[in-house]
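Hi,

Here is the structure I promised to pass on. Have a look at it first, then read my notes below.

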Amino acid sequence: MNLTCTQMDVLISFYIENDLSNNLKQQVEEHLRVCPACRAKYDIIKSMLTDLKEALECNDEGIIKETSQTKNSMLTSQHYKLFQTNLSAYIDNELPNEENVKIKKFTINNNLARKELENSYNIRKLMNDSFKKTKNEARQDFSKNIIKQLELEEEATLGIHPAIKLVITFTITVLIVTGFILMFFTA
């Protein structure tokens, strides 16, 4: 059985967490070898998880070191928290100009912030691409289903006009009733 890209969208996270059976794991690996789009998604998600893990480790270390460092490092930590808080609004252009400039300056000067911003844009692109693909597939599936329903209705009615069907039904009914009457009187 070959996996589809839609199935891969669901299975990638389970694959990364090593939460698949051996057979399914092999199928996912095979699909990743032959499908560049799914491979790119996998690489981006894997990279983001690695970066997130490193960021969490940095934050844990930063909290411990913060008590012994200068006020400047505390300011940087506060800027980073502000960056993280406003990142989504920044990406969606929902911040005032002054806040946008602050985020841009901080991102330029901070590698971790820059990487986080890149990852956020990558996630957004993946989500948009997946949405467009799913939307197109759903539209095609919906259209196909409607066409199939219409074809089935046409086959069931044999493409005959409803008035003609009514006349045929009436004629058949009259013939059947006439047959019963003749059988009754001849018997």
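Predicted model: local features only at pLDDT ≥ 70, side-chain atom pairs only at ≥ 80, totals over all residues.

Glutamate 99 touches Leu82 and Asn86, leaving out residues up to four places away in sequence; a touch, or contact, means heavy atoms within 4.5 Å. You'll find glutamate 99 in helix H5, residues 97-109. Helices here are DSSP runs of H or I with at least four residues, strands are runs of E with at least two, and both are numbered from the N terminus.

Residues are numbered from 1 along each chain as its sequence is written, and side-chain values use heavy atoms, with hydrogens and water left out.

Now the whole chain. It has seven helices and zero strands, so to speak an α-α-α-α-α-α-α run from the N terminus on. Of its 187 residues, 20% count as buried, where buried means under 20% relative accessible area, exposed means over 50%, and partly exposed is in between (1.4 Å probe, protein chains only). The chain exposes about 14,400 Å², and carbon and sulfur atoms supply 61% of that; the areas come from the Shrake-Rupley method with a 1.4 Å probe, and for residues only the protein chains shown count as cover. Take the contacts between residues at least 6 apart in sequence: 60% of them join residues at least 24 apart.

Next, the start of the chain. Helix H1 (residues 5-16) and helix H2 (residues 22-34) pack at an angle of about 120°, with their axes 11 Å apart. Axes are lines fitted to C-alpha atoms, for helices over the stretch in contact, and angles run from 0 to 180 degrees between N-to-C directions. On the H1 side, the contact is made by Cys5, Met8, Leu11 and Tyr15, and on the H2 side by Leu24, Lys25, Val28, Glu29, His31 and Leu32.

In the loop between H1 and H2 sits asparagine 18. Its phi is near 55°, a positive value in a residue other than glycine. Most residues other than glycine have a negative phi. Is asparagine 18 buried or exposed? Asparagine 18 is exposed, at 54% relative accessible area.

What about the inside? A nonpolar core is a set of buried Ala, Val, Leu, Ile, Met, Phe, Trp, Tyr and Cys residues joined through side-chain atoms within 4.5 Å. The largest one has 12 residues, including Leu3, Ile12, Leu20 and Cys35. H1, H2 and helix H3 (36-66) each supply at least two residues of this core, and H1 gives the most, with five. Apart from this core lies another, of 11 residues, among them Tyr80, Phe83, Phe106 and Leu117. In soluble globular proteins, nonpolar side chains tend to be buried together.

Leucine 32 belongs to the largest core. Leaving aside neighbours within four places in sequence, leucine 32 is in contact with Met8, Tyr15, Cys38, Arg39 and Tyr42.

Leucine 49 is in helix H3 and counts as partly exposed, at 38% relative accessibility. Leucine 49 and isoleucine 16 are 33 residues apart in sequence, but 9.5 Å apart in space, C-alpha to C-alpha. Serine 120 is in helix H6 (residues 111-157). Serine 120 is buried, with a relative accessible area of 18%, and it touches Leu87 and Ile91, not counting residues up to four places away in sequence.

Cheers
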